[in-house]
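Q: Please give me a close look at one part of this model, and at what lies around that part. Keep it brisk.

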Amino acid sequence: MICLDLDGTTITHEGVLRPAVREAVRAVLAAGHHVVVATGRGIVATTPILDALGLTKGWTVCSNGAVTVRLDPRAPQGWTLDEDDVVTFDPAPVLTRLRPVLPDALVAVEDLGVGFRLSAPYPPDELVGEQTVVPWEELLAHPTTRVTLRMPEATSEEFAEAVDRAGLHGVAYSVGFSAWLDINPEGVSKGSALEIVRRRLHVEPGLTVAVGDQRNDVEMLRWAARGVAMGNAPTEVQDVADEVTGVVDDDGLVPVLRSLL
């Protein structure tokens, strides 16, 4: 079972799927391995990349583990979703706590399978799906699978310090490579969702490989029997991995996949 992050791992930070990576993914699929994408992206933003990779059956983990999707080419959208495979939380407490600390942050609350409700427009191309600006109260009104905060003008260091000051409790969260914060239900991660998928696929724990590049991949890398960090990953992510491969712009994922053939 080969578990792959998308941005910064399978595709570049510019959103490009390089031919060598696509060919390597298709080669391990042809060899009979299970390939499971595990991403912070929502379903709408994930499915075009799955199509490009040739992934039409199996499972995909979205929203940092809060959503587990069964791929089914017979379904109208190419996937189905069971109620038990979606974990939500109340965004009101955490957003109420963060607002005084990050008053200028952009907030996006995920609408599953649709897009996002926003406090204000995000920079172009950062979110995929329908995007609707709503009053603050509407952001707090409904359970959700993921909340994202973004401060385009802040450095990642400034943003991380502000998040630390907020002292978040009762949720799972990770700070991205930029001034970006993903918030998920407590106890939910890519690793927790992948363990459920592993059992459904009847794969032995020792036959799991995971590759990622960011802090939201840490639990996944620790969970896998072979956790591989990309060369562009922060030091703290590389430190928890079993090995480090090349950077995404040099097709660092390819030698990892080729080693499994």
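A: Residues are called buried under 20% relative accessible area, exposed over 50% and partly exposed in between (1.4 Å probe, protein chains only). This is a predicted model, so local features need pLDDT of at least 70 and side-chain atom pairs pLDDT 80 or more, while totals for chains, interfaces and linings use all residues. Residues count from 1 along each chain as its sequence is written, and side-chain values use heavy atoms, without hydrogens or water.

Start with the sheet. It is open and has eight strands, in the order β5-β4-β3-β2-β1-β12-β13-β14. The pairing is mixed; a pair needs at least two DSSP bridges. Strands (E, at least two residues) and helices (H or I, at least four) are DSSP runs, numbered from the N terminus. Which strands stand at the edges? They are β5 (79-80) and β14 (243-244). Each has a single partner strand, so one side of each is left without a neighbour in the sheet.

The partner here is β4, residues 67-71. β4 and β5 run antiparallel and are joined over two bridges. Leu-71 sits opposite Trp-79 of β5.

Two helices lie on this part of the sheet. The α2 helix, residues 43-53, lies across β2 (35-38), β3 (58-62), β4 and β5. The direction of α2 is at about 140° to β3. Helix α6, residues 190-201, also packs on the sheet. α6 touches β1 (2-4), β2, β3 and β4, where contact means heavy atoms within 4.5 Å. The angle between α6 and β3 is about 170°. Such angles (0 to 180 degrees) compare N-to-C axes fitted to C-alpha atoms, for helices over the stretch in contact.

Seven names make up its buried list: Ile-43, Ala-45, Thr-46, Thr-47, Ile-49, Leu-50 and Leu-53. Their cover includes β2, β3, β4 and β5, and helix α1 as well.

Where do the buried residues of α1 point? Val-21, Ala-24, Val-25 and Val-28 are buried. They cover an arc of only 100° around the axis, so they sit on the same side of α1; the arc is taken from the directions from axis to C-beta atoms. The buried residues of α1 pack against β1, β2, α2 and α9 (253-258). After α1 comes Gly-32, with a positive phi near 100°.

Return to the strands. The loop between β3 and β4 holds Ser-63 and Asn-64. Ser-63 is not a glycine, yet its phi is positive, near 55°. Asn-64 is not a glycine either, and its phi is positive too, about 55°. Are these residues buried or exposed? Ser-63 is buried at 1% relative accessibility. Asn-64 is buried as well, at 4%.

Charged pairs come next. Side chains of opposite charge can pair when their charged atoms come close. A salt bridge puts a side-chain nitrogen of Lys or Arg within 4 Å of a carboxyl oxygen of Asp or Glu. How many salt bridges does the structure hold? There are 14. One of them joins Asp-72 and Arg-74, at 3.1 Å from N to O. Asp-72 is buried at 14%, whereas Arg-74 is exposed at 75%.

Other bridges reach further along the chain. Arg-146 and Glu-110 meet at 3.6 Å, N to O. Arg-146 lies in the loop between α4 (136-139) and β9 (147-150), and Glu-110 in strand β6 (106-111), so the pair ties together parts 36 residues apart in sequence. Both Arg-146 and Glu-110 are buried.

Arg-215 and Glu-236 form a salt bridge at 3.1 Å, N to O. Arg-215 is in the loop between β12 (209-212) and α7 (218-223), and Glu-236 is in helix α8 (235-240). The pair links parts 21 residues apart. Arg-215 is partly exposed at 26%, and so is Glu-236, at 45%. Finally, salt bridges with shared partners join Asp-5, Lys-190 and Asp-217 into one network.
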